[in-house]
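The entries are kept in the order in which I worked.

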Amino acid sequence: MTFELVVLSLSTVAAVSILSSAVVWALWPAVRHVLRRLTPAAEWRALFTLSCLPLFGSALVLAACFLPSLGVTADHCLHHGLHHPHLCLRHLPHVAPTLGALAMAGFIIVRATHGLGRAALGLLRSMSTARTLSEAAAPSTDGIRVLPATRPEAFVLGLLRPALFASRGLLSMSDDVQGVVLAHERAHMKRRDPLRQLIATAVLGFHLPGIADTLRRRLRAAAEMAADAQAADTCRDGLRVADVLVQLSRARRAHPAPGVGFVGDLEVRVRRLMAPRGHDVLGPPALGGMVVASVLSAVVLAEPIHHAVETFLGLLG
């Protein structure tokens with residue numbers, strides 16, 4: 001693969017990522033309206049799907065562009081002429097990358113590096129914090145790592161093997177408060193929310209900055225509300241979970257927890273618990289079906305996609 005082909009490939013990824021992200025941003029008011037009708041877990045899945053859209057879409061388009069050169073569909077590169085940019089493994093580009101193509105390639109490199117860098121930094125911080133707290137914590141019989149702190153605190157740290165930390169201050173509170181908080185944190189463990197957040201941070205690097213920040217905030221809020229909902233199911237009382245949220249917020253008004261914590265977006269979460277609602281859509285079968293349909297569509301439309309992308313790359317000059 002030549003330098004010219006790498007630049008054209010990155011330019012394609014950038015173009016599809018920018019377009020996908022811009023569409024999400026333009027449709028965001030309508031998307032928010034739809035999200036309000038979903039359960040917290042379904043809202044998280046929808047937001048994560050939107051977060052992955054630029055990366056998945058650009059990978060799909062790029063793969064479709066290379067299919068003709070692999071003999072999957074008819075090869076029409078030569079119809080564009082020898083001096084047209086060819087996104088093809090057989091007919092390599094005959095011209096140097098334009099400034100437009102270089103700018104697009106540079107943009108996506110910076111954005112992707114930013115996302116991966118944030119994810120890597122978050123991973124290192126999580127590992128360092130988990131290691132430090134594990135040394136200071138005393139394990140208990142029910143799998144909770146007890147921290148010698150008087151401030152009521154509970155959070156989950158760890159990616160593949162998440163661990164639950166709780167302070168002595170929390171464990172000295174009433175059984176009612178403990179039961180709700182620990183049910184919430186165990187829901188985070190079951191959902192593997194620390195790992196999910198890390199993946200979301202990485203893929204959001206392919207979005208435009210503004211919509212990436214919005215999706216990141218909404219994903220964290222949806223994860224908390226999904227854990228609230230599971231805690232309410234465990235305790236069989238959403239009002240009890242809402243009451244504990246208020247109690248714990250009053251007890252700790254300082255800094256957020258170093259991991260996936262319990263208190264945050266208090267007003268929204270209490271309202272959601274007081275009036276549970278939503279449709280549970282976009283489960284694994286539906287998402288799997290969407291992926292399969294997208295891949296099949298890319299294969300069927302490989303030739304027009306290839307032609308359209310090469311025409312766009314030609315316009316960058």
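**Ground rules.** I am working with a predicted model, in which local features need pLDDT of at least 70 and side-chain atom pairs count only at pLDDT 80 or more, while totals for chains, interfaces and linings use all residues. I number residues from 1 along each chain as its sequence is written, and side-chain values use heavy atoms, with hydrogens and water left out.

**Whole chain.** I looked up the elements and found twelve helices and four strands in the protein chain; helices (H or I, at least four residues) and strands (E, at least two) are DSSP runs, numbered from the N terminus. Of the 317 residues, 45% count as buried, a word that stands for under 20% relative accessible area, found with a 1.4 Å probe on protein chains only. I also noted that, among contacts (heavy atoms within 4.5 Å) with a separation of 6 or more, 73% join residues 24 or more positions apart.

**Second largest pocket.** I first wrote down the terms: on a 1 Å grid over the protein atoms alone, a cavity is a set of points where a 1.4 Å probe fits but cannot get out, whereas a pocket is an open set with protein on both sides within 12 Å along at least five of seven lines, and lining residues have an atom within 4 Å of a point. A volume is the space filled by probe spheres set on the points, which are joined across faces, edges and corners.
The second largest pocket has a volume of about 500 Å³. Its lining has 18 residues, of which Leu-53, Phe-56, Gly-57, Leu-60 and Ser-294 are the closest to the centre. Helix 3 supplies the largest share of this lining, nine residues, and helix 1 (3–26), helix 3 (40–66) and helix 11 (284–300) each give at least two.

**Largest cavity.** The structure holds one cavity of 30 Å³ or more, and about 70 Å³ of space lies in the largest cavity. Helix 7 (193–203) and helix 8 each give two or more residues to the lining of the largest cavity, and helix 7 gives the most, with four. Among the lining residues are Trp-44, Arg-196, Arg-216 and Arg-220, and the lining divides into four nonpolar, two polar and three charged residues.

**Helix 2.** In helix 2 (residues 28–35) I found Trp-28, Val-31 and Leu-35 buried. They lie on the same side of helix 2 because they cover an arc of only 55 degrees around the axis, taken from the directions from the helix axis to the C-beta atoms. What covers these buried residues includes helix 1, helix 3 and helix 8 (209–235).

**Ser-11.** Where is Ser-11 placed? Ser-11 is in helix 1 and is buried, with a relative accessible area of 0%. Its side chain reaches the backbone oxygen of Ala-101 at 2.8 Å. Leaving aside neighbours within four places in sequence, Ser-11 is in contact with Ala-101, Met-104, Ala-105, Leu-313 and Leu-316.

Conventions: Buried means under 20% relative accessible area, exposed over 50%, partly exposed in between (1.4 Å probe, protein chains only). A polar contact is a pair of N or O atoms within 3.5 Å; within protein, one must be able to donate a hydrogen and the other to accept it, and residues adjacent in sequence count only if both atoms are side-chain atoms. Ala, Val, Leu, Ile, Met, Phe, Trp, Tyr, Cys and Pro count as nonpolar, Asp, Glu, Lys and Arg as charged, and the others, Gly among them, as polar.
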